[in-house]
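Biologist: I would like to go through this structure with you, one topic at a time. Shall we begin with the helices?

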Amino acid sequence: MKLLVVEDEIKLAEYLRKGLGEEGYVVELAHNGVDGLHLAMQGNHDLIVLDCMLPGIDGLGVLAALRLSKQTPVLMLTARQRVEDRVKGLQAGADDYLLKPFAFSELVARIQVLLRRARPTRESDDATILVLADLELDLVRRKATRAGRRLDLTAKEFVLLTLLLRRQGEVLSRTEIAEQVWDINFDSATNVIDVAVRRLRGKLDAPFERTLLHTARGMGYVLEARDE
């Protein structure tokens, strides 16, 4: 999933990028309100972490402009202790508030809650568990199992498998995988996608008789249970 963090404190912004990246999210940064609003309007983010005090346009200004056309979930960060300030933000369209300084674990928990609320109801159950054959992915506990056996995945492998499971049966190109998982434009000269898929396949398929992750030659990769 892709997040936008709009935070003018450079060290904090980089800390959040690193930490959220380790949690499996693709993170885009902006350090002022003007850039933040531009990215929020032009991008396709699953959630925005928005600081209240920003140069250019403050957080409330960004939020008000965003809500004219988009309903992307917004978690606001603020150092202001007054209840009135938080009320203004919620009335302007913020989905949640977090006071600075905060524990990173609480930030992650609040992000997870907002993403669950925003997830389309058309996805299976509460959209917290994805299943294919004997493969099960728990998005809340961030746990993947196959035939009851825990798969030891890295953060990026977990995101890659989530994408493949959400789009199971569809062939995903290397370009789309690069954009969705690494937030990069695919360079045909690099083999980063193929290496990542090979490592995931080693954990997902190698220990088991049935193959789920397949190569569509010249096109990309597809996750599906085929009759063998």
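Biologist: Which residues in α7 meet which residues in α8?

Modeller: Please bear in mind that this is a predicted model. On the α7 side the residues are R174, I177, A178 and W182, and they meet I193, D194 and A196 in α8. By class, this contact of α7 with α8 consists of five nonpolar residues, two charged ones and no polar ones.

Biologist: How are two packed helices described in general?

Modeller: One gives the angle between their axes together with the distance between the axes. For α7 (residues 174–182) and α8, the axes come within 10 Å and cross at roughly 80°. The two helices are therefore roughly perpendicular to each other, since angles of 65 to 115 degrees count as such.

Biologist: At what angle do the axes of α2 and α3 cross?

Modeller: The axes of α2 (residues 33–42) and α3 (residues 59–66) cross at roughly 25° and come within 10 Å. Angles under 35 degrees count as roughly parallel, so α2 is roughly parallel to α3. The crossing of α2 past α3 is right-handed.

Biologist: Which residues make that contact?

Modeller: G33, L37, A40 and M41 of α2 make it with V62, A65 and L66 of α3. Six of the residues in the contact of α2 with α3 are nonpolar, one is polar and none is charged.

Biologist: What joins the side chains of H45 and E28?

Modeller: A polar contact of 2.8 Å joins them. Leaving aside residues up to four places away in sequence, H45 touches K2, L3, L4, E28, L39, A40 and T72.

Biologist: What about D205: where is it found?

Modeller: D205 is in the loop between α8 (192–204) and β10 (213–216). D205 is buried, with a relative accessible area of 5%. Its side chain makes a polar contact of 2.9 Å with the side chain of R146. Beyond four places in sequence, D205 touches R146, R210, T211, L212 and L213.

Biologist: Now the backbone. Which residues does a cis peptide bond join?

Modeller: The cis peptide bond joins K100 and P101, with omega about -10°. P101 lies in the loop between β5 (96–99) and α5.

Biologist: What is phi of A133, and what is phi of A147?

Modeller: Phi of A133 is near 50°, a positive value in a residue other than glycine. A133 lies in the loop between β6 (129–132) and β7 (135–138), and at 44% relative accessibility it counts as partly exposed. For A147, phi is near 55°, a positive value in a residue other than glycine. A147 is in the loop between β8 (143–146) and β9 (149–151), and is exposed, with a relative accessible area of 53%.

Note on methods. Residues are numbered from 1 along each chain as its sequence is written. This is a predicted model: local features need pLDDT of at least 70, side-chain atom pairs count only at pLDDT 80 or more; totals for chains, interfaces and linings use all residues. Side-chain values use heavy atoms; hydrogens and water are left out. Helices (H or I, at least four residues) and strands (E, at least two) are DSSP runs, numbered from the N terminus. Buried means under 20% relative accessible area, exposed over 50%, partly exposed in between (1.4 Å probe, protein chains only). A polar contact is a pair of N or O atoms within 3.5 Å; within protein, one must be able to donate a hydrogen and the other to accept it, and residues adjacent in sequence count only if both atoms are side-chain atoms. Contact means heavy atoms within 4.5 Å. Axes are lines fitted to C-alpha atoms, for helices over the stretch in contact, and angles run from 0 to 180 degrees between N-to-C directions. Angles under 35 degrees count as roughly parallel, over 145 as roughly antiparallel, 65 to 115 as roughly perpendicular and the rest as oblique. Ala, Val, Leu, Ile, Met, Phe, Trp, Tyr, Cys and Pro count as nonpolar, Asp, Glu, Lys and Arg as charged, and the others, Gly among them, as polar. A crossing is left-handed if the near helix is turned anticlockwise from the far one by less than a right angle, and right-handed if clockwise.
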